[in-house]
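Here's a structure to explore together. Take a look at the fold first, and then we'll walk through some of its parts one by one.

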Amino acid sequence: MVLNPKSASHVDDLLNGERNGHAIGSRLNIVQRLVKNNMSQLRYVPFDQLHREFGIIKDANKSTDVILLIESQAMLNSSNWHPERLFFLISSARHFANELRFEGFNVLYLKAENTSVGLNMAAAKFPTSTLTCVEQSSYRLSKKLSEAGAKVLPNDFFLTSRELFASWASSQKSFLMENFYRKQRVRLDILMEGNSPIGGSWNFDKENRLPPPKNYVWPEYLEHERDEIDSQVATELNMTPTNFWATTRKGALNQLRHFVDNHLPYFGPYEDAMALDSWSLHHSLLSPYLNNGLLHPHEVLTEVLQAFNNGSVPIASAEAFVRQLIGWREYVNGMYWYLGENYRDHNQLGATRKLLPLFLDAEKTKMNCMKNTISDLQERAWVHHIPRLMLLSNLALLSGVNPQEFLTWMREQFIDAADWVMVPNVIGMGMHADGGLMMTKPYVSGGAYISKMSNYCKGCIYDPKLRVGPQACPFTTLYWDFLNRHKDHFAENHRMKQQYFGLNRLADRADLSERAAQVLLGLDQGKI
Ligand code: SF4
């Protein structure tokens, strides 16, 4: 028997029904009666597994099973989340629940004090049903589901199982992403000609380091229309969302098509560039949908490879994007599980500085690159991987911000910031807080790199070439000071020999230390 999906018109009926004890009540009472004599399942769907054909829903029985989603109030109130991020996650989940109901599923969408309370409420309502889910995407949620006695199936939202990754990682001397990526190319048979990579090279990084082009017309951004559910969520959150992020499967698919048609051919050459006249350049803007389940990596891969096979995308761009999708994304998720729950607590460099005021307010800095990046982040909850790494993380690392404070801030601010994404990216890559477990050397740079890869420096009061004096670029000053401060950690690192050779040749090290102290004080006071 399939309950009439048209009888419940809106996901808010579900919420009101839960609050008022009717509307949804009668519908779920029928299910309760139905399941008494059946092997019914209460299928839990977290807000990052919103796909009809993957996860715990893919083989659900519309007649007897109940699909459970929980909007945890504790999660909403636990952190200083970026409003755009909350809006995106909640509205996507409510749309998804609504779509499932219209398809004929029995959906229980609960607003609960926290996830555990919600799981208990659902179990009390369906005492004879078995609670099932697929592996959760964070340690925190995994624990909650385990405490609730859930039967847990493998997570198929990634292309690499946790077991497969662990078997690769445990056979490595160092966890080089490049080695993992090549294995993935071969295993998944992607961009391969027999045993060799298409184009004769595993990567085209050298071709993909162009600065932002001059006098260039960037394609229009895709904007997404808002509907009644979006308005309701925005009202509840007391915010006004931008139109840059879709909250439906249809919108996510539109974004995928828009990327492949308008940006993918040019993605590679400009993937590391930062530009004042474009906040997303040729980046896909697909990570939020990949990370909340509205898109599956296999679907994205299929579209990208089809465009490449049609001849509309050069190998340097196709390979660069594939590397992000089957390489970096899968590697980071694998490392999150492989390195364990306590990995997030690493602080090998003993960094204790409080989060810099400029991270919370773009007006607290005169640095043109940081001001623009923080403004972009405040507006849309997103900037691409190079400002994340070479501006935000670089400054936090160079100035000695506590890695756990910085991790919390990154988790709160980014629309695509799943725990599995941010913990390895911040602790391992951005902050080098793990003593080199993930990366063999820290990702630090002075102003020269930023000057080369962006057009920020021309309009800045600081000079990227100067390391001392009042006009010295804070990145440049702090870069040399960082090397000096952490000689014990890095001077013997063979990959940093050149940097230390350079440091040892500096004649103005006393001035440098003095300027670095001024810069750090100025950053603490929000005046640099
Ligand atoms: Fe940023 Fe330094 Fe360039 Fe200014 S000079 S924009 S602070 S890198």
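In what order do the five strands of the open sheet line up? Going across, the order is E3-E2-E1-E4-E5, and the pairing is parallel. Keep in mind as you look around that this is a predicted model. At the edges of the sheet sit strand E3 (106-112) and strand E5 (151-153), each of which pairs on one side only. From one strand to the next, the twist averages 30 degrees.

Let's zoom in on E1, which covers residues 41-44. Its parallel pairing with strand E2 (residues 66-72) runs over three bridges.

Now follow the chain out of E1. In the loop between E1 and E2 you'll come across Asp48. Which residues does Asp48 touch, leaving aside those up to four places away in sequence? They are Ser137, Asn291, Asn292 and Gly293. Compare that with Gly428, which is 380 residues from Asp48 along the chain: the C-alpha atoms of these two are separated by 23 Å.

Aromatic rings are worth a stop too, as a search of the whole structure turns up 32 aromatic pairs. Take Tyr139 and Tyr336: their ring centres are 4.9 Å apart and their planes stand at 45 degrees, so this pair counts as tilted. The pair links distant parts of the chain, with Tyr139 in helix H6 (residues 139-147) and Tyr336 in helix H14 (residues 315-339), 197 residues apart.

Next up is a pair of helices. Packed helices in general are described by the angle between their axes and the distance between the axes. For helix H16 (residues 385-399) and helix H17 (residues 403-413), the axes come within 10 Å and cross at roughly 145 degrees. The crossing of H16 and H17 is right-handed. On the H16 side, Arg388, Leu392, Ser393 and Ala396 make the contact, and they meet Phe406, Trp409 and Met410 of H17. Sorted by class, that contact has five nonpolar residues, one polar and one charged.

Finally, what surrounds the ligand? The shell consists of Met367, Asn368, Cys369, Gly447, Ile450, Tyr456, Cys457, Cys460, Tyr462, Pro464 and Cys473. Two helices, H15 (368-380) and H19 (447-453), each supply at least two of the shell residues. Nine residues of the shell are nonpolar and two are polar, while none is charged.

Definitions and conventions: Residues numbered from 1 in each chain as written. Predicted model: local features only at pLDDT ≥ 70, side-chain atom pairs only at ≥ 80, totals over all residues. Heavy atoms only, no water. Near = heavy atom within 4 Å. Helix = DSSP H or I, 4+ residues; strand = E, 2+ residues; numbered from the N terminus. Nonpolar A, V, L, I, M, F, W, Y, C, P; charged D, E, K, R; others polar. Pairing = 2+ DSSP bridges. Axes fitted to C-alpha atoms, helices over the stretch in contact; angles between N-to-C directions. Left-handed = near helix turned anticlockwise from the far one by under 90°. Contact = heavy atoms within 4.5 Å. Phe/Tyr/Trp six-rings, centres within 6.5 Å; stacked < 30°, edge-to-face > 60°.
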